[in-house]
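Subject: Structure handover

Hello,

Here is the structure we talked about. Please open it alongside this note; the findings follow below.

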Amino acid sequence: MPALGPVFRHEMIAAGRKTRYFWIRALVGAAMLAVLALIYAGVSAYEQSTLSIRTLAEITSAFYTSAAWLTMGAVLAVTPVVAAGAIATERERRTIEYLFATDLSNAEIVLDKLLARLLTVGKIVLAAAPVLAIFRLLGGVPGELLLAHAALLATTGALVASYALLTGAYHERARDAAQRAISGTVAFLILPGFLLAAGAFLSPVQRPWVVWLSEWVLQPVTWFLLLINPVAAMIQGGGLLGGNLGVDFDSSVVFKTCGAQLGVTAVLLAVAVATVRRTHLAAAGAPGHAKKAAGKKGAAASATRSPYELRPVLWKEMYAASLPKKRGAAIRHRVGVGVLVIAIAATLVGVIASGYLFGGRVDFEDYMLVACGLATAVGSVVVLAMGARAAGLVSYERERETWLSLLTTPLTGAEIVAGKMGGNFYNFRWGLAGAVAIPLTALIYSPVAIPAALGFALSLGIVSLAATAVGLAASLRIGSSIKAVGVTIAIMLAISAVYPVLLGMLTGILTRSDLLFELFGLPAVAPVLLAVPMLLAAEGPPDDEILFAYAGGTLFYVALGAAVTAANIRHFDRICGRATRANPAAASRPPSGPDQRPDQRPDATGATTPAPA
């Protein structure tokens, strides 16, 4: 079997023709150069004369720490979007049958696509290599540390890409595959924290079943997830969280993680190779599945949907969301949701149980702080997932060639946009309700949990509205679902993470004060907006800066959601290329040729008059 076959060559030629990858690489290199310049200016501002060797080492250490986290974040953010559509796009375009009709084996198809997508991500990360070569001249970072980090980036990319590719093999739409790949990656990163918290709170309990559950289930799963978690490896072995570079570096931790990730990658690829053809053929051989599924839940869907005549787009989105999933997809969905619910419930129950075991009850403040962390994490994941799904609401219609049919109806742009956005909220109704239910469980301690949960629900709704509007805007303007999802995720992360960090670094250099960051940077951080109502209930009125950030963030995301939604409605007809009701000249132009009625003809003004007998 050739290592690099025709599928690999085709993927690389197609990727080379896409200009967006060129611009992404250019932006990555420019961002790394800007970070280096900001760190250099910030450290050198405190030196009155020539920089000392120690100062140069501090600059190098600070830049390497920033570069390590940025490159790892880029791999974790870009790889699911790039790799999820490798097989899902082929299924969506109905071109995968041509691959199956050739003499290519499953392994050749899967491995060629994986290598091509990994090389695409690797070229994006390598765009930072010239900047890394600059800071290497300053010294202070051992070469072994750079090699270990490069190896960790490679194995992490392979692990995430193999999971995303396997996810795409089980989904017929690239939009759904990208959404599941992103959600799974985020869960893979944050789940160890939940399990550690649950284990810490359950450890004092000496009941036999609790001890068995902790020793034989919770601890092995937590240990395994920490072993393959790249963030944990960077913290434990790389000295990248308050440690000293070169002193706290432990290569054994990093390379154990690399080996474990390669082992999991091999298992995922083996499953993908074994099931990619069978999964598609099984789905293609059951064309009546949708009709059967619709018949099973037809009554339930009709009881919840709005009348078709009033809001047809919303009805369509709600009806699609009410259809049951295939058996395998339903099992995977329920298992994933069940693991998340169990982890959250175990953490909250562990907080309550630990209070009784130590001779007293845990007070409301301690419980609300734990609930605040859980609700903020779950709410942030739901917001990103809503934006990712909204990014495919229109582009998927184009890919299925149903968009033109929708545009030929008398529905206005406002009705279509409102229906799509409402359907997106309906699809995530249980995720939003579950996130709000986490702080509401604090009612066992105090009724103050009610206003805290209401404030959190309001903040979550505002941020979700903005994410949905941004995703829908990308979907209207970008033809591919995968591209729209990637752009939406990039915009949301840039607003809530990249922009505040860069602004904080810049204000620290120019003013040596946090005032500018507190005024214009902190309000954009969505997790802060979600956490403040619960912190306010737990600890009382926080600092004025936090209250200002909450007020400013609320206004910012309200303005963002309203402005983007208004722009989507205002420019809908122009973007879609159809006539507006305000200017119906194009729509009311009399037909010509065989479509013109024989008893009418246009006069000089364009109006039709009866033809003479």
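Helix 16 meets helix 24 through Phe-364, Met-368, Leu-369, Ala-375 and Gly-379, among others. On the helix 24 side, the residues include Pro-527, Leu-530, Met-534 and Leu-535. Contact means heavy atoms within 4.5 Å. Helices are DSSP runs (H or I, at least four residues), numbered from the N terminus.

This is a predicted model: local features need pLDDT of at least 70, side-chain atom pairs count only at pLDDT 80 or more, and totals for chains, interfaces and linings use all residues. Residues are numbered from 1 along each chain as its sequence is written, and side-chain values use heavy atoms, with hydrogens and water left out.

Now the rings. Trp-403 and Phe-572 form an edge-to-face pair, 5.9 Å centre to centre, with 70° between the planes. Ring centres must lie within 6.5 Å to pair, using the six-membered ring of Trp, and planes over 60 degrees apart count as edge-to-face. Trp-403 is in helix 18 and Phe-572 in helix 26, 169 residues apart. Both are buried (under 20% relative accessible area, 1.4 Å probe, protein chains only).

Last, a charge: the charged end of Arg-173 sits over the ring of Tyr-396, 4.6 Å from its centre. That requires CZ of Arg within 6 Å of the ring centre and within 35 degrees of the ring normal.

Best wishes

How values were computed:
Phe/Tyr/Trp six-rings, centres within 6.5 Å; stacked < 30°, edge-to-face > 60°. Helix = DSSP H or I, 4+ residues; strand = E, 2+ residues; numbered from the N terminus. Buried < 20%, exposed > 50% of the residue type's maximum accessible area, 1.4 Å probe, protein only.
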